[in-house]
Amino acid sequence: MGHQGQIKLSFLMVGHTHEDVDQFFSRISVKCHQQAAVTRPDLHQLISTSAENKRLRDKNEQLKKENERLKRQKRHQDVFEYAEDLEQTEPTVRKTYQRKVTAEVEVHLEEAHKKRRIQKEKEERYIELIDEIIREDEAETTEVTEAIEEDNEVVENIQEVTNEVTFSKGEKITAFWEDKNISGWYPAVVLRVNKNSYYVRFFDGVKSSLKPKDIKKTAN
């Protein structure tokens, strides 16, 4: 370093020597009274752990308490803000929800009315088809009834004719004959009376079974 011509020393005033470095070495001294340092690593360990003594622990505890206080204050503030926001937004949320529910109910009602209208139209159409079928059935029934009445009249007429004109076995009559060569009314005689016909013999010896409509009285 060479030779120095002048060296100046400074000392703190008595009662004002509590600087950080003094406190640090004081902590080392206290730690040496509590724990022996036989080797250099033990001394390094003692010096490094002595700095974690009372002031730092107190400061750390103070910071922890302050941090917890700020956290509680923040939670309380959040709760208050949430309650305030909820108080302000609840009517709006309720109205929005009511409007949404009302809209959904109206949609469901409209769909129900639409389905009911469609169902009613189908029912009306079915009723029209059934009425049409009934009218057709009534018309067909009327036609059948009329046809039956006409058939009954024909049967009655036949029965009247049959009842009015009857022939007996051996009676000479005039009977109708028809084949591919000739047709006409010719003299004949009744050989046998059946339920719905007469068995006759024509004048030329030909025999045949005839309906009552093909037989008539012989003119005098």
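This is a predicted model: local features need pLDDT of at least 70, side-chain atom pairs count only at pLDDT 80 or more; totals for chains, interfaces and linings use all residues.
**A conversation about the protein chain**

Reader: Which pattern does the chain follow along the sequence?

Author: The pattern is α-α-α-β-β-β-β-β, from 3 helices and 5 strands. Helices (H or I, at least four residues) and strands (E, at least two) are DSSP runs, numbered from the N terminus.

Reader: What percentage of the residues count as buried?

Author: Of the 220 residues, 10% count as buried. Buried means under 20% relative accessible area, exposed means over 50%, and partly exposed lies in between (1.4 Å probe, protein chains only).

Reader: Let us take the helices. Why does Leu46 count as buried?

Author: Leu46, in helix α2 (residues 40–50), counts as buried because its relative accessibility is 0%. Leaving aside neighbours within four places in sequence, Leu46 is in contact with Ile28, Lys31, Cys32, Gln35 and Ala37; contact means heavy atoms within 4.5 Å.

Reader: And where does Ile28 lie?

Author: Ile28 lies in helix α1 (residues 20–34), and it counts as buried because its relative accessibility is 11%. Not counting residues up to four places away in sequence, Ile28 touches Leu46, Ile47 and Ser50. Ile28 and Ile47 are 19 residues apart in sequence, yet 6.0 Å apart in space, C-alpha to C-alpha.

Reader: On to the strands. What is their order in the sheet?

Author: The 5 strands form an open sheet in the order β4-β3-β2-β1-β5, with antiparallel pairing. Two strands pair if DSSP finds at least two bridges between them. β4 (207–210) and β5 (215–217) stand at the edges with a single partner strand each, so one side of each has no neighbour in the sheet.

Reader: How many bridges join β3 to β4?

Author: There are 4 bridges between β3 and β4, which run antiparallel. Arg201 stands opposite Lys207 in β4. The hairpin of these two strands has 4 residues between them, and there Gly205 takes a positive phi near 95°.

Reader: Which residues make up the largest nonpolar core?

Author: The largest nonpolar core has 10 residues: Phe167, Ile173, Ala175, Ala188, Val190, Tyr198, Val200, Phe202, Leu210 and Ile215. The largest share, 3 residues, comes from β3. A nonpolar core is a set of buried Ala, Val, Leu, Ile, Met, Phe, Trp, Tyr and Cys residues joined through side-chain atoms within 4.5 Å.

Reader: What is the bridge partner of Val190 in β3?

Author: The partner is Val200. β2 and β3 pair in the antiparallel sense over 5 bridges.

Definitions and conventions: Residues are numbered from 1 along each chain as its sequence is written. Side-chain values use heavy atoms; hydrogens and water are left out.
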